[in-house]
Amino acid sequence: MIIVNTESIPGLRIRQMIGLVQGNTIRAKHLGRDIAAGLKNIVGGELKGYTELLTEARRQAVERMIAQAQQLGANGVVNVRFSTSAITQGAAELYVYGTAVIVEPEQAGVQEANHVS
Amino acid sequence: MLASAQGNSLINLLDFSIPAFLIILAFITGRYIERRHFRNLAQREQQLSDMIISDVKTFPNGAQPHKKAELVMGQVVIATDYLKTFLAGLKKIFGGELKSYETLMERARREALLRMQEDARSRGYNAVCNVRLSFADIGGMSGTKGSVMVEIFAFGTAYCRLDA
């Protein structure tokens with residue numbers, strides 16, 4: 001599975017566009033991290049707990065998108081975008097979407113032609 | 001009567017002394033953490049100076065076809081210290097530039113971009129294109145009880161340059 005946020009993939013040709021695939025997850029922060037974050041607000045600095053929480057959440061959203069793409073028979077997702085929305089106080093939705101595609105290796109002849117142009 | 005008056009004065013003293021203590025603590029730790037972070041950022045940027053990052057949708061300098069491009073990400077959640085929140089609160093009465101928050105945003109952006117580049121480097125790439133930076137306002141994270149936190153998320157497509 002190839003995931004990129006560009007419209008093309010180097011070395012590969014998009015044979016077929018399948019359509020939009022998406023993945024989302026909604027996460028709430030928990031109390032222990034909140035207390036640690038409250039302390040960090042006094043001294044300043046990175047909130048590692050929240051960074052980990054969001055990294056994990058984004059990874060899960062991407063995995064869900066990949067699962068959907070695989071179900072549709074795709075072997076790549078192009079033009080991936082991320083968005084975040086605040087649902088309620090203390091919870092966030094992480095949303096990722098892209099276009100599922102079927103890609104194949106570029107033929108040597110086609111590649112040469114591209115290179116010349 | 002006397003005891004309650006003393007009790008009141010003690011509470012008054014605490015009312016003033018706790019914020020004062022927090023401001024002094026923040027003055028020391030906030031400056032230390034920020035300076036250390038800026039030094040750390042400069043050092044890591046130096047190490048990654050051969051990496052080319054751009055926000056165009058094509059692949060600058062050409063991409064090697066045999067190494068597949070891949071999505072890379074970097075993110076950071078960062079908080080200001082109590083002193084800066086306090087100073088910014090004062091400044092907000094008069095309006096104008098909030099310098100103390102500018103450094104916060106700068107640190108967050110540079111850190112997120114660096115993490116994205118380090119992600120790309122660790123997977124064996126030497127360039128990132130179509131970089132997008134997004135600012136996420138996580139529910140309830142900013143604006144409540146004077147706590148200021150920002151999340152910056154950077155992502156892009158990593159690839160191998162032809163000229164490297």
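Reader: Which residues does Leu47(A) touch, not counting residues up to four places away in sequence?

Author: Leu47(A) touches Ala37(A), Lys40(A), Val77(B), Ile78(B), Ala79(B) and Met149(B). Two residues are in contact if their C-beta atoms, placed from the backbone, lie within 7 Å. A word on the ground rules: this is a predicted model, in which local features need pLDDT of at least 70, side-chain atom pairs count only at pLDDT 80 or more, and totals for chains, interfaces and linings use all residues. Residues are numbered from 1 along each chain as its sequence is written, while chains are lettered from A and ligands numbered from 1 in the order in which they are written.

Reader: Why is Leu47(A) called buried?

Author: Leu47(A) has 24 other C-beta atoms within 10 Å, so it is buried. The cut-offs are 20 or more other C-beta atoms within 10 Å for buried, 12 or fewer for exposed, and partly exposed in between, with C-beta atoms placed from the backbone. Leu47(A) lies in the loop between S3 and H2 of chain A. Helices (H or I, at least four residues) and strands (E, at least two) are DSSP runs, numbered from the N terminus.

Reader: What makes S3(A) and S2(B) a pair of strands?

Author: Two strands pair if DSSP finds at least two bridges between them. S3(A) and S2(B) are joined by 2 bridges and run antiparallel, so the pair meets the definition. Within it, Gly45(A) stands opposite Ala79(B) in S2(B).

Reader: Which strands are called edge strands in the sheet, and why?

Author: The open sheet has 5 strands in the order S3(A)-S2(B)-S4(B)-S3(B)-S1(B), with mixed pairing. Strand S3 (45-46) of chain A and strand S1 (52-53) of chain B are the edge strands, as each pairs on one side only. Helix H2 (residues 48-71) of chain A packs on this sheet and touches S3 of chain A together with strand S2 (70-79) and S4 of chain B. Helix H3 (residues 99-122) of chain B packs on the sheet too, touching S1, S2, S3 and S4 of chain B.

Reader: How many bridges join S3 and S4 of chain B?

Author: There are 8 bridges between S3 (residues 127-136) and S4 (residues 149-159) of chain B, which run antiparallel. Ser134(B), for instance, has Phe153(B) in S4(B) as its bridge partner.

Reader: What makes a set of residues a nonpolar core, and which residues have the most contacts inside the largest one?

Author: A nonpolar core is a set of buried Ala, Val, Leu, Ile, Met, Phe, Trp, Tyr and Cys residues joined through C-beta atoms within 7 Å. The largest has 54 residues, and those with the most contacts inside it are Val77(A), Ile78(B), Ala112(B), Met116(B) and Tyr159(B). S4(B) gives the most to this core, with 8 residues. Ala112(B) touches several residues, including Gly74(B), Leu133(B) and Phe153(B).

Reader: How many residues of each chain are in contact with the other?

Author: 34 residues of chain A are in contact with 42 residues of chain B. S4(A) provides the largest share of the chain A side, 6 residues.

Technical notes
Axes fitted to C-alpha atoms, helices over the stretch in contact; angles between N-to-C directions.
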